[in-house]
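Got the viewer open and a selection box ready? Load the model below and we'll walk through it one pick at a time.

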Amino acid sequence: MRTVDFLVIGAGILGLSIARELKRRLPDAAITVLEKEAEAGRHSSGRNSGVLHSGLYYPPGSLKARLCRQGAAEMAAFHEEHGLPLKRCGKILTPAAPRFADEMAIIAERAAQNGVKAKILDERALRELEPETRSATGSALWVPDTAVGAPLAAIRALARDVRAQGVELLFNSELADISPQRRQAIPRNGDAIHFAYAINAAGLHADRVAHRFGAARRYALLPFKGLYWKLNPDAGIRLNHLVYPVPDLRILYLGVHTTTAVDGAIYLGPTAAPAWGRENYLGLRGIAPAELPRIARHLARMFISDQDGFRAQAWQEGRRYFKRWFFPAAQSLLPRLEPRHLLPAAKVGLHPRIFDREKGELLKDFLLEHSENAIHLLGATSPAWTSAFPLARHLCDQIPFFDRGEPA
Ligand SMILES: Cc1cc2nc3c(=O)[nH]c(=O)nc-3n(C[C@H](O)[C@H](O)[C@H](O)COP(=O)(O)OP(=O)(O)OC[C@H]3O[C@@H](n4cnc5c(N)ncnc54)[C@H](O)[C@@H]3O)c2cc1C
């Protein structure tokens, strides 16, 4: 059996950012990252929209609001240092119906409180900046600092960096068993590892890993599927910005929007429809029969309580699995869009939303839970990619022996 100071579970953007931060603080520490897949970024970190969010939506004081703006600056700098493509295109939020005027005012106010640059545009200014979109109220919000990066290229570069700094990355090494008291982890295809401290950054599996440590029992994951369509370049629709709807703030979801990827391809999506397994990316694949009753029970509970506008979300997003129902949302952003302009896209991700069994609601912020000799990151949904570097610092600040000044 070998011994390490830190065992990180999951080589997504967060696991790797945490490993990098630990190495910065303790250059001599032995750090191992366990990853069940053959490479980094097979799940959310390699399947997201790649938007470096500016941080305007989140309630002031929340971790999301505190970390997003700083994270975007650091992720942009990381792209530049590593010669990765980055588009500083900005974004525009347009209300799809007059009732969204109030939501837009709230978002503009939050932007001001969170220190995010945002400007209200009148109809003429909107036409000049982004002629392909429209506003149902005659005004829109322009957020100049939003950018788009390259998530897969970024995570690969980060994996190379941490490896070069001496972090051990063990791929094809799912954490199969754990003995928290003996501080011993057993990877599926390898020898037991003894650790001083463990960090759980297992994304879509973080609740299960935490439960194995005896932590976070009141929380359980609910997966939501993010499907995209690709805009046919022959549509002749050119965009200067990312175009987002003003979201329904009752629902924990930003709405179908456009993302212009760094290669110029324009995607529309993602959706946020309930999924039937943690890795249920395609059709029936990844449906987890053993988890279906639990998922159905939690969804039913939210539907009955209508917590966070869940009935509206379930009805709206469930139908968006089908092009016929997805199309109106996309067309409300781009009025010239026709159904034939939407091409199927291979891109699909799963949002790891965390259900709080005690409160019967979904977590809205990132959550850190402690157990003996371990810390668990739950609910790392958007904008966790943007916020990864400061979120890793924030997590390391909570590790008890950094208070004591030395590893246990
Ligand atoms: C459709 C979609 C669009 C998004 N768009 C954006 C965006 O534009 N901007 C933004 O900031 N955020 C966005 N996000 C959110 C962002 O992608 C995630 O918040 C972020 O990638 C989470 O990173 P992570 O490291 O926690 O998780 P992951 O990337 O899922 O990494 C966790 C890793 O843990 C591994 N693992 C799990 N269990 C085990 C185990 N038992 N043993 C070993 N390894 C294990 C997994 O294989 C995985 O590689 C989006 C998310 C989705 C789904």
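Start with everything shown: buried residues make up 48% of the 408 residues in the protein chain, where buried means 20 or more other C-beta atoms within 10 Å of a residue's own, exposed means 12 or fewer, partly exposed is in between, and C-beta atoms are placed from the backbone. This is a predicted model, so local features need pLDDT of at least 70 and side-chain atom pairs count only at pLDDT 80 or more, while totals for chains, interfaces and linings use all residues. For your selections, residues are numbered from 1 along each chain as its sequence is written.

**Whole chain.** The C-alpha box, taken along the principal axes, is roughly 65 × 45 × 40 Å. A compact globule with 408 residues would have a radius of gyration near 22 Å, and the protein chain agrees with its 21 Å (taken over C-alpha atoms; the globule rule is 2.2 Å times the number of residues to the power 0.38).

**The ligand.** Which residues are closest to the ligand? Pick Gly 10, Gly 12, Gly 203, Gly 226 and Gly 349, the closest of the 41 residues that surround it (C-beta atom, placed from the backbone, within 6 Å). Colour that shell by type and you get 17 nonpolar, 18 polar and 6 charged. Here Ala, Val, Leu, Ile, Met, Phe, Trp, Tyr, Cys and Pro count as nonpolar, Asp, Glu, Lys and Arg as charged, and the others, Gly among them, as polar. Helix 1 (13–25), helix 2 (44–47) and strand 17 (342–356) each supply at least two residues of the shell.

**Out along strand 17.** Select strand 12 (residues 219–231) next: it pairs with strand 17 in the antiparallel sense over 12 bridges, where pairing takes at least two DSSP bridges between two strands. Leu 221 has Ile 354 as its bridge partner. Then follow strand 17 into its hairpin with strand 18, which has 4 residues between the strands. Gly 360 sits in that turn with a positive phi of about 70 degrees, and Phe 355 stands opposite Leu 362.

**Strand 20.** Is it buried or exposed? 5 of the 5 residues are buried, so strand 20 is largely enclosed by the rest of the structure. Ala 374, His 376 and Leu 378 are on one side, Ile 375 and Leu 377 on the other. Strand 11 (residues 193–200) pairs with strand 20 in the parallel sense over 3 bridges, while strand 19 joins it antiparallel through 5. In the hairpin of strands 19 and 20, Asn 373 in the turn has a positive phi of about 60 degrees.

Four strands form an open sheet in the order 5-6-4-13, with mixed pairing. Strand 5 (119–122) and strand 13 (242–245) stand at the edges with a single partner strand each, so one side of each is left without a neighbour in the sheet. Inside, strand 4 (residues 91–94) and strand 6 (residues 139–143) pair in the antiparallel sense over 3 bridges; click Lys 91 and its bridge partner Val 143 to see one.
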